[in-house]
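Let's take a walk through this model together.

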Amino acid sequence: MSELGTAARPLRVAVVGSGPAGFYAAEALFKSGNTVHVDMFDRLPTPFGLVRGGVAPDHQKIKNVIKVYERIAASDGFAFFGNVMVGRDVDLQTLKRHYDAVILSCGAETDRRLGIPGEDLAGSHTATEFVGWYNGHPDYRDRSFDLSAEVAMVIGQGNVAMDVSRILAKTVDELAGSDIAGHALEALSRSKVTDVHMVGRRGPAQAKFTPPEIKEIGELADCDPVVDPRDLELDPASRAELELPDAKLNRKNVETLREYAARPAPTKSRRYHIRFFLSPVELRGDGRVEEVVFERNVLKGEPGNQWAEGTGERFAEPCGIFFRSVGYRGVPVPGLPFNERKGIIPSRDSRVVEGDVVLPGIYVAGWIKRGPSGVIGTNKPDSYETVASLLADLPKLEPCEVPDSDALEGLLEAAGVHVVSFDDWRKLDAAEIARGKSQGKPREKFTTVEEMIAHLREA
Ligand code: NAP
């Protein structure tokens, strides 16, 4: 048997998930100096994970990173297995039979719950659903959001909450030149929402959004930012927190919020309320959300480690549509251990572990490893670290039994799975761009797997 990673016997790696973490893992493998074959699996026919389905449509520049991923995909030894779901179309044992190592980079596909009464009333949604819907993700394209009331509440103050509330606050003209899904633009054009509230349980010094995102809110065409100056009277611990060396972004956020609080009374048709020290404790309504009960919070704890504690003071406010945006969560992969509390696959140095036992040849990268934190670029060092562990294990990796991707593809096709290659994706990409052109959009996405496959069959 030749050594793994040589021209005679390339190292075969299955990467599960084609978002940033998956592509950076592939890049690290190709740059390792070994001869490597990477097959990248995605349950969708389309690659790029959250860059396609998560990044806000009005933030097109962020999507330029796709060019980097296209270059990685053009490497010798790379193949895309789109429209193949690990755990449904192929199980982990089969992957292990065809690959020497498996890297799971399948992200965090679901969301955390608030755990409050009324959370499942109609009109109460997750950010995940809304983001998927406006981005044309096939799982969410059929969702509907009733935008006929004036007040929308978004709970959480991360950049996802920011995206969701900004999309609600923008005019159709501001969104029209983006790659927002046609169905979403149409529904948003009929929106009656005039007041979007982005509500944080802690204070302005702890908000997780980043300075460019909060600055953008002050520049919207027909929406004014509203901040209550009383929320900016910081407690001593928050003042100390802002002096910490790593609090530069928080200081900038607070500066921007102060500028908003000092602005004259709003005059535009919509308002974007940035609110603090409030936790929703109940959603009420007759069959659908009509009001939210909030509890006012105070901060407790040391600078840099303050948490929100309820004061017992509660009040209700009318609400027509409610979104929770309190963090994503990974979903279990059949056949692998899962940490329910953290929503991640447990690992040590990126090696998947069951209790104390390392599962040989199985690794994790990205959000399914560390949880849903950081920006796209954070995944690069994360995935390189994963690949470093894999390469350190190379001398003792058990070579797979069937080092043959065609054999696996044959099994999938025999089971009725239409495997979508990277060349197929290029055809879908070109068709989407052509569809968008006539509408002045960068692309008009296919939003169902069926229409993607039908297009490929025709092409
Ligand atoms: P996030 O940044 O972790 O924010 C989660 C928010 O939910 C925080 O405000 C958090 O408050 C709040 N929260 C959590 N549990 C809560 C509860 N029980 N009640 C009330 N509030 C609660 O997560 P995210 O917004 O989902 O974003 C995920 C990652 O993607 C982040 O790293 C983000 O920066 C990144 N991202 C970046 C961009 C961009 O660069 N433009 C866009 C989208 C996403 P506490 O702080 O009090 O915990």
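A polar contact here is a pair of N or O atoms within 3.5 Å; within protein, one must be able to donate a hydrogen and the other to accept it, and residues adjacent in sequence count only if both atoms are side-chain atoms. Keep in mind that this is a predicted model, where local features need pLDDT of at least 70, side-chain atom pairs count only at pLDDT 80 or more, and totals for chains, interfaces and linings use all residues. Residues are numbered from 1 along each chain as its sequence is written, and side-chain values use heavy atoms, with hydrogens and water left out.

| Residue | Part of the residue | Distance to a ligand oxygen |
|---|---|---|
| Gln157 | backbone N or O | 2.9 Å |
| Arg201 | side-chain N or O | 2.8 Å |
| Arg202 | side-chain N or O | 2.8 Å |

On its own the ligand has 920 Å² of accessible area (Shrake-Rupley method, 1.4 Å probe), and the protein covers 82% of that.

Now for the domains, whose bounds come from an automatic or database domain assignment. Domain 1 takes in 11–109 + 330–420, and domain 2 spans 112–327. Their C-alpha centres sit 33 Å apart. Where they touch, 13 residues of domain 1 are in contact (heavy atoms within 4.5 Å) with 19 residues of domain 2.

What about salt bridges, meaning a side-chain nitrogen of Lys or Arg within 4 Å of a carboxyl oxygen of Asp or Glu? The rule finds 4 across this interface. Elsewhere in our tour, Asp179 pairs with Lys63 in a salt bridge, with the closest N and O atoms 3.4 Å apart.
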